[in-house]
Structures are given as structure tokens and as C-alpha cells.
Amino acid sequence: MASPAVVENLPPSLNSSAEQPPLFDGTTKLYTCYTCPFAQRVWIARNYKGLQDKIKLVPLILEDRPAWYKEKVYSVNKVPALEHNGKIIGESLDLIKYVDSNFEGPSLFPDDPEKKKFVEELWSYVDEFIKIVYTSFKGEGPKECGPAFDHLESALGKFEDGPFFLGQFSGVDIAYITFVERFQIFLSEAFKYDITAGRPKLAAWIEEMNKIDAYKQTKTDPKELVEFYKKRFTAQQ
């Protein structure tokens with residue numbers, strides 16, 4: 001089971017005028033952005049494992065990010081990045097696995113060989129899934145992205161010991177939910193398309209995900225998401 005819900009007072013986001021927190025001072029820090037789906041993945045993993053006191057959030061405003069972040073912390077200049085044991089590690093999918101294997105708390109990945117194999121299949125598909133749906137926003141929407149959601153519906157039917165991708169909640173659910181959350185909201189708003197229509201397993205999965213405190217605490221205001229995607233995908237059409 002996940003750790004009990006911790007109501008966290010979130011630190012304010014840092015802009016270009018903010019001072020840099022001490023680097024490599026023995027504190028484990030997650031450089032993040034409250035509205036970024038990639039960073040949200042690692043935030044959920046941290047919460048689920050009950051690491052709120054072990055991993056400190058350092059949220060950035062990406063549109064006005066501090067120069068010191070690229071110069072002194074993470075030269076790639078993206079979030080998320082984790083400062084741990086004297087080094088900086090990036091890439092959200094890698095960090096889900098890193099947090100799981102380097103910190104205490106409930107495991108995010110199964111020991112079962114068949115499930116382990118399916119983890120890798122779903123892990124390798126997630127970037128393609130995101131690309132297909134993003135591309136559809138500039139095209140015909142539902143017609144183009146429908147097969148990607150059908151793929152998730154099929155994957156959710158593989159194991160019958162629970163409503164999640166591996167039956168029980170895992171890092172795979174974390175990898176997908178931050179994007180499905182956004183896609184569901186935007187496709188409904190922009191195309192009047194319900195991604196769960198005719199996909200009962202996807203509907204049940206989203207419903208169960210929304211019961212998990214570790215995830216609920218990281219969700220972005222739907223209005224903000226819609227406005228962001230409208231600017232990004234429809235303004236230039």
C-alpha cells in the first residue's frame with residue numbers, strides 16, 4: 001500500500017530573479033515544474049513512496065527559468081532533474097526507476113517475470129503514444145489518435161488482478177497518467193471527444209488513478225491545461 005496521504009505545503013516556484021538553493025549540500029532535491037507532465041511523473045513516484053521529507057521539491061517557472069539552473073545545475077536545462085548523492089540525474093522515465101530503486105517505500109515495479117516483460121513493452125510505447133496524440137492536435141484529432149487510446153484499452157486488459165496496467169498500481173501507470181490527464185481534458189474541450197467512450201477499461205483506470213492521493217496532489221488546473229494547449233497547438237493554425 002502507498003503511504004498515507006501527506007498534505008504538503010508546496011514551495012513557491014522560482015523565476016529568473018530567484019537565488020539558487022545550495023548545490024550538493026546533502027539535501028536530495030527534485031527540480032520540477034508544477035505544470036510539466038514529465039516532471040509530474042517523478043513527483044508522483046516521490047509521493048507514492050512517502051518521500052516528501054526525503055526529497056525536497058525545487059519548482060521552477062519554465063517560461064522564466066533561472067539562468068543558474070542551466071549553468072550550474074543541469075546543462076540540459078529541462079525538468080525534471082534529481083540532485084542526489086553528489087550528482088544530477090535527468091529524464092523522467094529513468095528517474096521513476098531511480099527513485100524506486102534508491103529510496104525506501106512501496107515498490108513501483110513487480111517481480112513477476114511476465115509483468116516485468118510487459119513493463120518494458122509499455123515503457124517503450126509511451127513516447128510513441130504521446131507523439132501520436134500531440135500530432136493529432138494539429139490534424140484531425142480523434143480520427144488520428146483513436147488507435148493510440150485503443151492500444152491502452154487493450155493493454156489494460158492483459159492482467160485481471162486489478163484495474164491498472166500490471167493489475168496492481170505501478171510505475172507504468174505513472175508514466176502514462178500525466179499525459180492521459182491532459183489529453184482527456186484537451187480532446188474533450190477542443191474536439192468534443194471523450195477518450196473513455198467505448199473504452200471501459202480506460203475509464204475504470206482513470207477513475208482508480210484519481211483515488212490515489214500521490215497522484216491527486218500533483219494535478220494541474222484543467223483550465224490552465226486547456227489554455228496552454230490552445231496556445232501551443234491551435235494558435236498557429
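Guide: Start with Lys97 and Glu120. Their side chains meet in a salt bridge, at 3.3 Å from N to O. Keep in mind that this is a predicted model. Across the interface of domain 1 and domain 2, the rule finds one salt bridge. On the side of domain 1 that touches domain 2, H1 and H3 each supply at least two residues. H1 gives the most to that side, with nine residues.

Now the bounds. Domain 1 covers 1-108, and domain 2 covers 113-234. Their centres, taken over C-alpha atoms, are 23 Å apart. In the interface, 19 residues of domain 1 are in contact with 23 residues of domain 2. How big is that in area? The size of an interface is often given as the accessible area lost when the parts come together. Here domain 1 and domain 2 bury about 1900 Å² between them. Of that area, 63% is on carbon and sulfur atoms.

Next, the nonpolar side. The largest nonpolar core has 50 residues. Phe129, Tyr176, Phe183 and Trp205 touch the most other members. Several helices give two or more residues to this core, among them H1 (37-48), H3 (92-102), H4 (113-137) and H6 (171-191). H4 gives the most, with 11 residues. Why does this core belong in a tour of the interface? Domain 1 (1-108) and domain 2 (113-234) both give residues to it, so the core lies between them.

Setting aside neighbours within four places in sequence, Phe129 is in contact with Ala148, Phe149, Leu152, Tyr176, Val180 and Phe183. Two of these contacts, Tyr176 and Phe183, are named with Phe129 among the members that touch the most others. There is also a second, separate core of 14 residues. Ala18, Cys33, Cys36 and Val58 are included in it.

Finish at Asp100, which lies in helix H3. Is Asp100 buried or exposed? Asp100 has a relative accessible area of 14%, and the cut-off for buried is under 20%, so Asp100 counts as buried. Leaving out neighbours within four places in sequence, Asp100 is in contact with Lys49, Pro106, Ser107, Leu108 and Phe109.

Terms used: Residues are numbered from 1 along each chain as its sequence is written. This is a predicted model: local features need pLDDT of at least 70, side-chain atom pairs count only at pLDDT 80 or more; totals for chains, interfaces and linings use all residues. Side-chain values use heavy atoms; hydrogens and water are left out. A nonpolar core is a set of buried Ala, Val, Leu, Ile, Met, Phe, Trp, Tyr and Cys residues joined through side-chain atoms within 4.5 Å. Buried means under 20% relative accessible area, exposed over 50%, partly exposed in between (1.4 Å probe, protein chains only). Helices (H or I, at least four residues) and strands (E, at least two) are DSSP runs, numbered from the N terminus. Domain bounds come from an automatic or database domain assignment. Contact means heavy atoms within 4.5 Å. Buried area is the accessible area (1.4 Å probe) that two parts lose on being put together, summed over both. A salt bridge is a side-chain nitrogen of Lys or Arg within 4 Å of a carboxyl oxygen of Asp or Glu.
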